[in-house]
Amino acid sequence: HLTKVCDVLLEARIERNDVVIALGGGVIGDLTGFAAGIVRRGGRFVQIPTSLLSQVDSSVGGKTGINARQGKNLVGIFNQPDLVLADTAVLNTLSEREFRAGYAEVAKYGLIDKPEFFDWLERNWREVFAGGAARTQAIALSCQAKADVVVADEREHGRRALLNLGHTFGHALEAATGYDSRRLVHGEGVAIGMVMAHEFSARLNLASPDDAKRVESHLKEVGLPTRIAEIPGDMPPAEELMKAIAQDKKVKGGQLTFILTRGIGQSFVADDVPSSEVLGFLQDNLPG
């Protein structure tokens, strides 16, 4: 698809100062931004995200790319859009499953460093799902939270890695399902991954098991999967999942980097996590 898009842009004689518009969800936004950024060595583009997940996450921050056989979003560039136009009314066209999947990324911002936002979501998530002022407020706060982090660390040399809470596990699960949306979509992988990140933190005696239970309870209440066992179909052994984790973009010098937590809204970057601990944790979490 990337080759096809680039070919169309070149056939249309798109110039560097022309604007390519990404109208769609996260995959469309990432694909468009990547293509616009490599055709003629860099062009302009505008994001018009049409899913909740893309409005609160992928359209903001300039990360663009495509999946590879070895893992999620491993081929791409940083390319900031000229404009992001998020029309919340478009979300009324989403299926319940897609909206729930996007909500996982909204909850993520509370779990990273805004415990009061997570408290608010626990009380008001039904209004967020219903639409209106609560939905707009949740989207605006999520976008601001991400923008603040990106401004401070655009290319993920430090703090921006916190935005990947739950994603190291989640991306590995997506790769394990072959990116088959019938089995798992990105937000569902993130939901399971965030529960796993909190449980793994508790296993390492960094956080209370009660925090993991609270996260799982909320995500389960809104209808999101929280366990690997809820993914349809067979899963590969833990050793295969470890291969996907070892391809994670945050790996440095072969060392695994995880976003762990000391409690709700107290996430931090851990760059010295032993592989043996992760493997044992995965083995305990896989069905059977």
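Select Arg183 first: leaving out residues up to four places away in sequence, Arg183 touches Arg97, Ala176, Thr177, Glu188, Ile231, Pro232, Gly233, Asp234 and Met235. Keep in mind that this is a predicted model. Arg183 sits in the loop between α7 (167–176) and α8 (186–203). Is Arg183 buried or exposed? Arg183 is buried, yet has no salt bridge. Asp180 is the nearest side chain of opposite charge, 5.5 Å away.

Next, select Ile48, in strand β2 (residues 44–49). Show Leu23 too: the two C-alpha atoms are 4.9 Å apart, although 25 residues separate them along the chain. Beyond neighbours within four places in sequence, Ile48 contacts Ile21, Ala22, Leu23, Gly24 and Leu85. Ile48 is partly exposed, at 23% relative accessibility.

Now go to the surface. Select Arg13, Arg16, Arg40 and Arg41, a patch of positive charge. Of these, Arg16 lies in the loop between α1 (2–11) and β1 (19–24).

Turn to the salt bridges; the structure holds 19.

- Glu96 and Arg100: their closest N and O atoms are 3.5 Å apart. Both residues lie in helix α4 (residues 96–113), about one turn apart. Glu96 is exposed, at 63%.
- Lys114 and Asp113: the N to O distance is 3.5 Å. Lys114 is partly exposed at 22%, as is Asp113 at 29%.
- Glu240 and Lys243: the closest N and O atoms are 3.2 Å apart. Both belong to helix α10 (residues 238–246), three residues apart. Glu240 is partly exposed at 38%, while Lys243 is exposed at 53%.

Technical notes
Residues are numbered from 1 along each chain as its sequence is written. This is a predicted model: local features need pLDDT of at least 70, side-chain atom pairs count only at pLDDT 80 or more; totals for chains, interfaces and linings use all residues. Side-chain values use heavy atoms; hydrogens and water are left out. Helices (H or I, at least four residues) and strands (E, at least two) are DSSP runs, numbered from the N terminus. Buried means under 20% relative accessible area, exposed over 50%, partly exposed in between (1.4 Å probe, protein chains only). Contact means heavy atoms within 4.5 Å. Lys and Arg count as positive and Asp and Glu as negative; His and the chain ends are not counted. A salt bridge is a side-chain nitrogen of Lys or Arg within 4 Å of a carboxyl oxygen of Asp or Glu. Patches are made of residues with over 30% relative accessible area and no salt bridge: like charges are joined within 9 Å, nonpolar side chains (Val, Leu, Ile, Met, Phe, Trp, Tyr) within 5 Å. Accessible areas come from the Shrake-Rupley method with a 1.4 Å probe; for residues, only the protein chains shown count as cover. The place of a charge is taken as NZ of Lys, CZ of Arg, CG of Asp or CD of Glu.
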